[in-house]
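Colleague: I have a chain to go through with you. Can you take my questions one at a time?

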Amino acid sequence: MKKTIFTLAIVFLSLSNFAQSTTWFSISARGGFGTAMFINVPSLEDSNIDYGYFSPSYNYGGRFGFMFGDYVGVSGIVGMSTLSQNYDIHGTSEIHRLLKTNTFDYGVLINLETPTGFYFEIGPKFSNLNSANLTTTGDNLNSTVDIKSKFSPEFTNLMFGIGMKVMMTKLFEIKVGLSGAYNFGGIVSESGYIIPAADKVIYTPTYIDQKTNPAQLMFSVEFTYIFGRFGKASCGKYRFLLNN
């Protein structure tokens, strides 16, 4: 959380130089549903592994934001994410697997908006791993194994969002669009463990590459309440005022 507060403070101070007009304060509830993939390049090229290219995943949470004028802002987000990956292995037996992870996320977004309601946002997301489970079915198998120890407990992603405001009023906004995130550094911590290949029982590949990068792409919806503003009042002094 300290990383988020520090990053938010730096961005806030930097953008404040552009805050010649009113600064708007808002809170939001947000959520998304879509797909995820745990990308491991050798696994993608392995003829014994078939990825499921749609693996149901979702996230939800909230946001606290500042808009410096009408076009540039910064916001802090917090929430939960559930990412999954379906795949089939054709080894000594035919099996289906489902990898599912749950994380607690927080981060900072730079927000860019236009008068027509188009928006784009980008920034870092910090994830703390809550759980990671691997479910195996097929060939008389039906088991779920905790594999959290094979993952890094914390990792950083680059997240983005793009879309339109379908409702804009003085107090409320509704955004719809696409949101996504990608991890560049890899999330596997156990040397030699490959997702979604090696378990050293059912199928052990000939390659060794522990770098696995989760990616996600989701349809997102966000409901925003613009509760206050900071700017020059009629008396000439700068004040914070609640919207009504």
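Predicted model: local features only at pLDDT ≥ 70, side-chain atom pairs only at ≥ 80, totals over all residues.

Colleague: What pattern does the protein chain follow along the sequence?

Modeller: The chain has two helices and eleven strands. Read in order, the pattern is α-β-α-β-β-β-β-β-β-β-β-β-β.

Colleague: Which residues touch the most other members of the largest nonpolar core?

Modeller: That core has 27 residues. The residues touching the most other members are Phe38, Ile49, Leu99, Ile147, Phe151 and Ile195.

Colleague: Take Ile147. Which residues is Ile147 in contact with, leaving aside neighbours within four places in sequence?

Modeller: Ile147 belongs to the largest nonpolar core. With those neighbours set aside, its contacts are Leu99, Ala132, Asn133, Leu134 and Tyr193.

Colleague: Now the surface. Which strand gives the most to the nonpolar patch?

Modeller: The patch covers about 860 Å², and its members include Phe118, Leu158, Phe184 and Phe219. E6 (118-138), E8 (154-168) and E10 (213-232) each supply at least two residues. With four residues, the top contributor is E8.

Colleague: Is Phe184 buried or exposed?

Modeller: Phe184 sits in the loop between strand E9 (172-182) and E10. The cut-off for exposed is over 50% relative accessible area. Phe184 has 55% relative accessibility, so it counts as exposed.

Note on methods. Residues numbered from 1 in each chain as written. Heavy atoms only, no water. Patch = residues over 30% accessible without salt bridge, like charges linked within 9 Å, V, L, I, M, F, W, Y side chains within 5 Å. Areas by Shrake-Rupley, 256 points an atom, 1.4 Å probe, with all protein chains shown as cover. Salt bridge = Lys/Arg side-chain N within 4 Å of Asp/Glu carboxyl O. Buried < 20%, exposed > 50% of the residue type's maximum accessible area, 1.4 Å probe, protein only. Core = buried A, V, L, I, M, F, W, Y, C linked by side-chain atoms within 4.5 Å. Contact = heavy atoms within 4.5 Å.
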